[in-house]
Amino acid sequence: MRYIRFLKTPRIIDGKNPSKAHIYCLITITSDLGDSFLPFDLQLHAVVYPEEDGEEVTIRTTIEWTAGMRSLPIRLPLGRCRIVWPARIRIGVHPEPTADNFMDLLSAPESRGVISAWSAPLDPSNLVVEAAKLVERRFDLQFSNTLRILEETGDSIARHLWDAGVALSCHLGALIPNQKLSTPLKTAFQSPESKKRLQVLELGTGCGVVGLCLAQTIGSADVIASDLPEAKEIFSLNSRQTIVAANLPRSGSPAADMTDGSFYPNRRETITKDSTIMFQAIGWDKELPDLLNDWSGCRHCTQLDVIVAADCTYNPDSSPALVRTISQLVRNSPEAAVVIAMKVRHSSESVFFDLMYEAAFSKVHTESLQLPGDEAVGEETAEVFVFRYDNLDKIPRVVPNEYCKNQ
């Protein structure tokens, strides 16, 4: 799977001279870690389209990525085109600025598994002549809304999307709402009969793609997206734009224009009409916060049902801290399913499984998700594992009570 990335985000050049005015940006097509480039020729489509609904694309052009390239400059002449600002630049394999459909990427090998890129808005009428250093991805979740996720354009891989997180999100976005399918993975994301609301904790959320997908897809769910404090900003941007796209008010406040940057990432926010999400700073080498999931005074209602992590096992040196954190979490939520998604990059990642077995976790289900490849589907895969804690008899069980009926 490949990603179009902005090495230089779009900016307007010579904007005061109509005959020379153009939009310039510099892109690359790379792997999730940025350690390799697409080694094949590929035609791309670049379009300029307005933010305002109902307005048509005003500028279109095709560009050619050729084998051996590491970067590709793009120039879009403005001339005397009538553009309704603010506007974005979208670059992708498909000629129309539509969301990427993961199944289409799998079924169309000629696309080379390339994920499209949307820029932040340009708006010269308000002196915004250079797009913010962000790139947006849009994924069609089939039964749900479009999942829109921002990444940073810098070198920090912590604030980029990774393959397993994308594959898991798109898979769950299609699987969970599909009433005709039942799999062990889907069952893991269903509320127990004794609870009205599913409680989910994501470890290593990064940009928030998995947590936000779950909050958009699952009805009556409370999602805690956790990571180191430096991930809070990019997660907040994504949570905020998800709320705006759903046209929902912020929890506990009237509907508001969120373009002013006011957002409270440590407060539980409504993503759909009955599901919420919040950010919680958690370091795996530190003790867990005392009030991790405190929306209710009922211990049964706030016990975690799912602990999920994607792309968190690539560094074997961090596996002991990750497994310790999972073990701490199940002391209070012993019946939680632990869902791990990973794209195996080297054999040393197997230490994670050894540590999980030592910590009394059993692997109860495995799924292999094919990834779009450079030449064919399945050149690489993302593996999904469901674990359960073995020593349930050693932890007192918290049972439903009268308080639960009012939650």
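Me: How many helices and strands are there in the protein?
Reply: You'll find 8 helices and 18 strands. Helices are DSSP runs of H or I with at least four residues, strands are runs of E with at least two, and numbering starts at the N terminus. Bear in mind that this is a predicted model, in which local features need pLDDT of at least 70, side-chain atom pairs count only at pLDDT 80 or more, and totals for chains, interfaces and linings use all residues. Residues are numbered from 1 along each chain as its sequence is written, and side-chain values use heavy atoms, with hydrogens and water left out.

Me: What is the strand order in the open sheet of 8 strands?
Reply: The order runs β13-β14-β12-β11-β15-β16-β18-β17, and the pairing is mixed. At the edges sit β13 (269-270) and β17 (361-370), each pairing on one side only.

Me: What makes β16 and β18 a pair?
Reply: Two strands pair if DSSP finds at least two bridges between them. Strand β16 (residues 337-342) and strand β18 (residues 381-389) have 5 bridges, in the antiparallel sense, so they meet that cut-off. Within this pairing, Val338 stands opposite Phe387 in β18.

Me: Which helix that packs on the sheet touches β16, β17 and β18?
Reply: That's helix α8 (residues 351-358). A contact means heavy atoms within 4.5 Å. The direction of α8 makes about 10 degrees with that of β18; axes are lines fitted to C-alpha atoms, for helices over the stretch in contact, and angles run from 0 to 180 degrees between N-to-C directions.

Me: What share of the contacts links residues 24 or more positions apart?
Reply: Counting contacts with a separation of 6 or more, 69% are between residues 24 or more positions apart.

Me: Why is the Phe235 and Phe279 pair called tilted?
Reply: A pair of aromatic rings is described by the distance of the centres and the angle of the planes. Rings of Phe, Tyr and Trp (its six-membered ring) pair if their centres lie within 6.5 Å; planes under 30 degrees apart count as stacked, over 60 as edge-to-face, and the rest as tilted. Phe235 and Phe279 have centres 5.5 Å apart and planes at 40 degrees, so tilted it is. Phe235 belongs to helix α5 (residues 232-245) and Phe279 to strand β14, so the pair ties together parts 44 residues apart in sequence.

Me: How do you know that Phe235 and Phe279 are buried?
Reply: Buried means under 20% relative accessible area, exposed means over 50%, and partly exposed is in between (1.4 Å probe, protein chains only). Phe235 has 1% and Phe279 has 1% too, so both count as buried. Across the protein, 54% of the 407 residues are buried.

Me: Where is the cis peptide bond?
Reply: Look between Trp85 and Pro86, where omega is about 0 degrees. Pro86 is in the loop between β5 (72-77) and β6 (87-92).

Me: Are Ser220 and Asp311 buried or partly exposed?
Reply: Ser220 has a relative accessible area of 22%, so it is partly exposed, whereas Asp311, at 12%, counts as buried. Ser220 lies in the loop between α4 and β12 and has a positive phi of about 55 degrees without being a glycine. Asp311 lies in the loop between β15 and α7 (319-332), and its positive phi is about 60 degrees, although it is not a glycine either.

Me: Why is Thr366 called partly exposed?
Reply: Thr366 comes in at 40% relative accessible area, so it falls in the partly exposed range. Thr366 lies in strand β17 and touches Val384 and Phe385, leaving aside residues up to four places away in sequence.
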